[in-house]
Amino acid sequence: MQYIGIDLGTSAVKLLLTDETGAILASAQADYPLHFPGPGWSEQDPADWWDQTAACLKKLIQQTDPKQIAGISVGGQMHGLVILDRNDRVIRPAILWNDNRTAVQTDWLNREIGKENLLKYTANIAFAGFTAPKLLWLRAEEPENFSAIEKIMLPKDYLTFRLTGVHCTDYSDASGTLLLDVKRRRWSQEMLGICGIEERQMPALFESYEPVGTLRAEIAEAFGLPAHVKVAAGAGDNAAAAIGTGTVGEMQCNISVGTSGTVFLTAKNCMVDPNGALHSFAHADGNFHLMGCMLSAAACNRWWMENILGTSDYDKAQKRISTERLGTNPVIFLPYLMGERSPHNDPYARGCFVGMSMDTTREDMMLAVLEGVAFGLRDNVEAAKALGVTPLSSRVCGGGAKSELWRKILANVLAMPLERVETEEGPAYGASILAATACGAFPNVKTAADRLVKVRDVIEPDAILMEKYEKKYQLFRSVYPKLKSLYRDMS
């Protein structure tokens, strides 16, 4: 049988068609616009998600026998607020994960409700990108829209709803709302009350690998698919990507260098960071994970290359950086172009270069960008170590991980071997594994991942480079505390 995995990203949707061996039979991708209606705001129209997903779905189906398709699942961008009225119509554009309009509400939650209470209610503190602060902002700034809410959804769940007619979500994605009691895997009554929401307005909760239903009759007919095609609950993009890299079970690590950057650490039990630096979420395999998230990772490199240098030839630019320069660059870059989530939780933070002189070159600055992202990821690894979780190696994925130079920097900054897997298709591949598991092709997610995910290559750290980068990392981590008050004054 065959399975469709969907990755609802921030800039594009990607669909994969796979079989039970994990082989990719076909793929399709389509872009959609991102809107910035105010400073620090980020929105999208859910109709664009569905239209482009439907177009890609048609392309995939044309390349196979539709009767072979058994299951579909979606992995997607987390934290976004999608609201429907009593007629299941979208009330307003979705407010996305990288939207920073909720700084006031986030501060209020952490200060007035209190971080200790938030950790007790949800295992997490408030971050500006989370869903609950968005609801508080909506209640204060758009009361008519707030009062019209019948159902609250996350981005990927809107696609699942369009496919099945079921209002649902999974535990991994729900973990990032600040509305879920992660440890007990249920909606937090305390947080619903704080946000003025009733549980009936929330979607039904499922494990990521559980089927939530089958295709609506009109959808099956429109796409020429069997009506019995199962749709799994799916997962948040980071959990889905972790499944796609085989990061399941206990004490496994996956580092993603995508638009944002994440350090993803699996655990059998729910671990809570008392400092709130790392998120404590449910994992798509039925267990839990700790996660640190940088808001800008590969996005920093794209900003530098395309906005500043005016080129998209990444390979040519990086070839100008010799390996002898690694660890000796005097320039430091803080990668906080969209503010920062983990570990600083500071929406006011901004990117900057430090240490430039008259002989600073373009290559120095470009290398500083790559190193700055690596140091930001190291910050999150250090936060995990403070909790007694020390990864000895990690899988690595995302667009940035395709760069051999960047992988070398990362391995030496993080002081651990980094493994790439053969199939680097991110959340879409993980979603297809969840769909296969939901259809009974595998007894559980771990078995599926163990059978389907294979390591492609490993990059080992170098002792001399590790020592150089250790010294530079200590300089890097000293810069933000000196600028923190200045960032807030500048805002």
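Reply: **The loop at proline 343, and beyond**

Proline 343 lies in the loop between strands β20 (332-334) and β21 (352-354). Helices here are DSSP runs of H or I with at least four residues, strands are runs of E with at least two, and both are numbered from the N terminus. The model is predicted: local features need pLDDT of at least 70, side-chain atom pairs count only at pLDDT 80 or more, and totals for chains, interfaces and linings use all residues. Residues are numbered from 1 along each chain as its sequence is written, and side-chain values use heavy atoms, with hydrogens and water left out.

What joins serine 342 and proline 343? A cis peptide bond does, with omega at about 0 degrees. Most peptide bonds are trans, and most residues other than glycine have a negative phi.

Backbone angles pick out other spots too. Arginine 185 has a positive phi, near 55 degrees, and is not a glycine. The loop between β10 (180-181) and β11 (186-187) holds arginine 185. With a relative accessible area of 15%, arginine 185 is buried (under 20%; exposed is over 50%, partly exposed is in between; 1.4 Å probe, protein chains only). Methionine 251 also has a positive phi, near 60 degrees. This methionine sits in the loop between α9 (237-244) and β16 (253-257). At 45%, methionine 251 is partly exposed.

The buried residues are Pro155, Lys156, Asp157, Tyr158, Leu159, Thr160, Phe161, Leu163 and Thr164.

Serine 172 belongs to helix α6 (171-174). Its relative accessibility is 1%, so it counts as buried. Setting aside residues up to four places away in sequence, serine 172 touches Met78, Ser208, Ala235, Gly236, Ala239, Ala282, His283 and Ala284. Contact here means heavy atoms within 4.5 Å.

Serine 280 lies in strand β18 (279-282). Serine 280 is buried at 1% relative accessibility. Its side chain reaches the backbone oxygen of methionine 271 at 2.5 Å. Leaving out neighbours within four places in sequence, the contacts of serine 280 are Ala123, Asn124, Val182, Cys270, Met271, Val272, His289 and Leu290.

Serine 394 belongs to strand β22 (394-397). At 2% relative accessibility, serine 394 is buried. A polar atom of its side chain lies 3.3 Å from the backbone oxygen of cysteine 253. Apart from neighbours within four places in sequence, serine 394 is in contact with residues including Cys253, Asn254, Ile255 and Met416.

Last, helix packing around α12 (362-385). The axes of α10 (298-308) and α12 come within 9 Å and cross at roughly 165 degrees. That makes α10 roughly antiparallel to α12. Axes are lines fitted to C-alpha atoms, for helices over the stretch in contact, and angles run from 0 to 180 degrees between N-to-C directions. Angles under 35 degrees count as roughly parallel, over 145 as roughly antiparallel, 65 to 115 as roughly perpendicular and the rest as oblique. Cys300, Asn301, Trp304 and Met305 of α10 make the contact with Arg362, Met365, Met366, Val369, Leu370 and Val373 of α12. By class, that contact has eight nonpolar, one polar and one charged residues. Ala, Val, Leu, Ile, Met, Phe, Trp, Tyr, Cys and Pro count as nonpolar, Asp, Glu, Lys and Arg as charged, and the others, Gly among them, as polar.

α12 also packs on α16 (463-490), at an angle of about 85 degrees with the axes 10 Å apart. That makes α12 roughly perpendicular to α16. On the α12 side are Glu371, Gly372, Phe375, Gly376, Arg378, Asp379 and Glu382; they meet Tyr469, Glu470, Lys472, Tyr473, Gln474, Phe476 and Arg477 of α16. This contact has four nonpolar, three polar and seven charged residues.

Key
A polar contact is a pair of N or O atoms within 3.5 Å; within protein, one must be able to donate a hydrogen and the other to accept it, and residues adjacent in sequence count only if both atoms are side-chain atoms.
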